[in-house]
Amino acid sequence: MMDHDGLSATLAPLGLQILGHTATTETDPGGAGQTLVLIGPDEPRFWSVFAKSPEMADSAADALDRWSARVLGDVCKEVGGKAVFPFGGPPFLPFLTWAQRSGRFWPSPINFVVHDSAGLFVSFRGAIILPGVWPTAPAPVKPCLTCAAPCATACPVDAFADGYDVAACKAHVTSEAGEDCRSAGCLARRACPVGQGNRLAAQANFHMEAFL
């Protein structure tokens with residue numbers, strides 16, 4: 001059976017990492033008795049890998065999603081798993097529910113999920129479902145417990161003051177005053193001390209353009 005270390009070694013050359021895992025239930029794809037492994041970028045290494053991909057070079061839409069589908073599909077052929085993705089819906093699969101079940105993600109002060117090592121810049125490229133159930137990993141300490149919550153006050157337009165004001169966020173980011181957010185990524189996410197500085201400006205700009 002493919003284990004955590006084996007899958008990690010397979011993902012590493014792709015600039016990807018395991019963000020957490022959880023045993024499947026009867027309502028998950030494929031049913032109970034398996035392991036669902038959440039996969040995301042291993043930053044900052046990830047960007048140099050993706051930036052050289054054919055998907056990035058062909059100028060077609062959804063380059064990152066297409067890259068994710070291809071590379072995780074290839075990984076599954078190698079390790080004997082099944083890939084599922086957070087895109088391609090509706091309906092969309094419950095990645096945030098799986099994340100919190102893994103014990104490595106929590107709601108942050110701005111209500112985006114925060115990861116124990118990737119912080120607020122965590123993102124999912126997909127998940128791999130493998131036969132058998134992996135042992136439960138020791139639970140890490142929630143980073144927000146000892147944090148002064150700079151994320152809660154970093155947004156120049158208080159877009160997270162009451163839920164998430166998407167319209168206010170987009171209006172700021174597209175304005176002259178929002179150039180910093182637009183070019184280097186969300187100031188609230190960047191304020192998180194966990195994983196701070198791991199996301200390269202080029203990658204942050206790529207994601208911001210997709211958001212806008």
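Predicted model: local features only at pLDDT ≥ 70, side-chain atom pairs only at ≥ 80, totals over all residues.

Searching the whole structure for disulfides gives zero. Cys181 is in no disulfide either; its nearest cysteine sulfur belongs to Cys186, 6.0 Å away. Both residues are out of the solvent: Cys151 is buried at 6% relative accessible area, and Cys181 is buried at 5%.

Arg101 pairs with Asp28, 2.7 Å from N to O. Arg101 sits in helix H5, while Asp28 is in the loop between strands S1 and S2, 73 residues apart. Arg101 is partly exposed at 32% relative accessibility, whereas Asp28 is buried at 7%.

Next, Asp65 and Arg125 form a salt bridge at 3.3 Å, N to O. Here helix H4, which holds Asp65, is linked to the loop between strands S5 and S6, which holds Arg125; the two residues are 60 apart. In this pair the arginine, Arg125, is buried at 9%, and Asp65 is partly exposed at 22%.

Last, Arg104 meets Asp116, with the closest N and O atoms 2.7 Å apart. This pair joins the loop between H5 and strand S4 to the loop between S5 and S6, 12 residues apart. Arg104 counts as buried at 19%, and Asp116 as partly exposed at 21%; the line between those classes is 20%.

Technical notes. Residues numbered from 1 in each chain as written. Heavy atoms only, no water. Disulfide = S-S within 2.5 Å. Buried < 20%, exposed > 50% of the residue type's maximum accessible area, 1.4 Å probe, protein only. Salt bridge = Lys/Arg side-chain N within 4 Å of Asp/Glu carboxyl O. Helix = DSSP H or I, 4+ residues; strand = E, 2+ residues; numbered from the N terminus.
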